[in-house]
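Here's a quick briefing to read with the model open beside you.

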Amino acid sequence: MPDIEITFDSGAVTYYGSLRTPDHANTSAPAALLLAGSGPTDRNGDSALLPGDIGTLRFLADVLEQHGIPSLRYDKIGSGETALGPYEVEEVGGLGFTTFVDAASAGLDFLAAQPGVDPSKLVVIGHSDGALVALALATADQSSRVHAVGLLEPLSVRLLDLLTTQIHGQLDTVVGTGQLPVELADELRLALADTVESLRTSGTIPDDLPEPLQNAGLVHANAKALAEEDALDPRALADRLPAGFPVLTSCSAKDIQVQLADVARLNDALTHTALTPVLMTNANHVLKDVGDRLSTGPDYVEPLPYSAEFTEPFSRWIAAL
């Protein structure tokens, strides 16, 4: 069935999205809210930073439709038709990460109100950064709204810990190839540690931050969002889920954005739930099959098939809910 274009409001923003209701919906099946990852990623999983067809969320809606499951996906603020809403560019940084959680909550309410949807069987499926939003919704005061969560290639550690690991890895590379002196790399590492401490204690970024760290997104305009997101520890949230709560996690050895070891530790925090872990060998971060080669990033927009290593266990999991 074609998507139905919808809108819903959260705060001062009107969000634009797509509601997919299968022609032969399974009346006993759940309904799913699909959440995109970080950056200007739209309802389909496409990014303004990487022009081309990624389509991860659209693919998930297709799989859900095959099982008679309705789904809702939407353009979060800063992406697609929603764009910046009523805000100017310089105002968006002041909104914070809670804006994304509040929008997802409003989207869940919209989905629950649709004809034929059982509000007691709502599933939230988040990809990448969207998985953290899914966990935040499932552990909120109104957590009874969420019946199950899918955490696909999830952010599995605190945001600033992940950013620190990524930047240290980049510094190791440029030092190892002789592109940067060790002394300058050490100065950047120290400045990064000071910035993480500042964000965690006062929610601010130092004024004299070196330009390479600013280029990594550590700028004043992002300070509130960074501090709020970092305050959400995925493992602590996972520990708060009820015993026996249905959870699916996925991770691939070829994902260049998420580490297997980090997801393994997240899975350890989920042992009290009804956990279905999906471990893949050839999928990239956006769930496309790259075969024997490594993923480098540009492959996200290549016309590759989505991974059967993911689709098959995900289909079994969603059909059993």
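Predicted model: local features only at pLDDT ≥ 70, side-chain atom pairs only at ≥ 80, totals over all residues.

Residues are numbered from 1 along each chain as its sequence is written, and side-chain values use heavy atoms, with hydrogens and water left out.

A word on terms: helices (H or I, at least four residues) and strands (E, at least two) are DSSP runs, numbered from the N terminus. Buried means under 20% relative accessible area, exposed over 50%, and partly exposed in between (1.4 Å probe, protein chains only).

**Helix α4, the enclosed one**

- 10 of the 10 residues of α4 are buried, so this helix is largely enclosed by the rest of the structure.
- Packed against those buried residues are β3 (31-35), α3 (98-112), β5 (122-127), β6 (146-152), α8 and α9 (234-240).
- D129 sits in α4 and is buried without a salt bridge; K76, the nearest side chain of opposite charge, is 6.6 Å away. For charge, Lys and Arg count as positive and Asp and Glu as negative, while His and the chain ends are not counted.
- Among the residues D129 does touch, not counting those up to four places away in sequence, are S38, F97 and E229.

**Helix α5, the one-sided one**

- The 18 residues of α5 (residues 159-176) should span 26 Å at 1.5 Å a residue, and the end C-alpha atoms are 26 Å apart, which agrees. The expected span is 1.5 Å times one less than the number of residues.
- Its buried residues are L159, L160, L162, L163, I167 and L171. Down the axis of α5, these fall within an arc of 170°, so they line one face of the helix; the arc is that of the directions from the helix axis to the C-beta atoms.
- T165 and G176, on the other side of α5, are exposed.
- The cover over the buried residues of α5 includes α6 (182-202), α7 (211-214) and α8 (223-230).

**Salt bridges**

- With a salt bridge taken as a side-chain nitrogen of Lys or Arg within 4 Å of a carboxyl oxygen of Asp or Glu, the count comes to 17.
- D3 and R20 pair up at 2.4 Å, N to O. D3 lies in the segment before β1 (4-10) and R20 in strand β2 (residues 13-20), so the pair ties together parts 17 residues apart in sequence.
- R43 and D75 form another salt bridge, at 2.8 Å, N to O. R43 counts as buried at 7% relative accessibility, and D75 counts as buried at 2%.
- R145 bridges to D109, with the closest N and O atoms 2.7 Å apart. R145 lies in the loop between α4 and β6 and D109 in helix α3, so parts 36 residues apart in sequence are tied together.
- Salt bridges with shared partners join D3, R20, D62, E65 and R73 into one network.

Notes:
Contact = heavy atoms within 4.5 Å.
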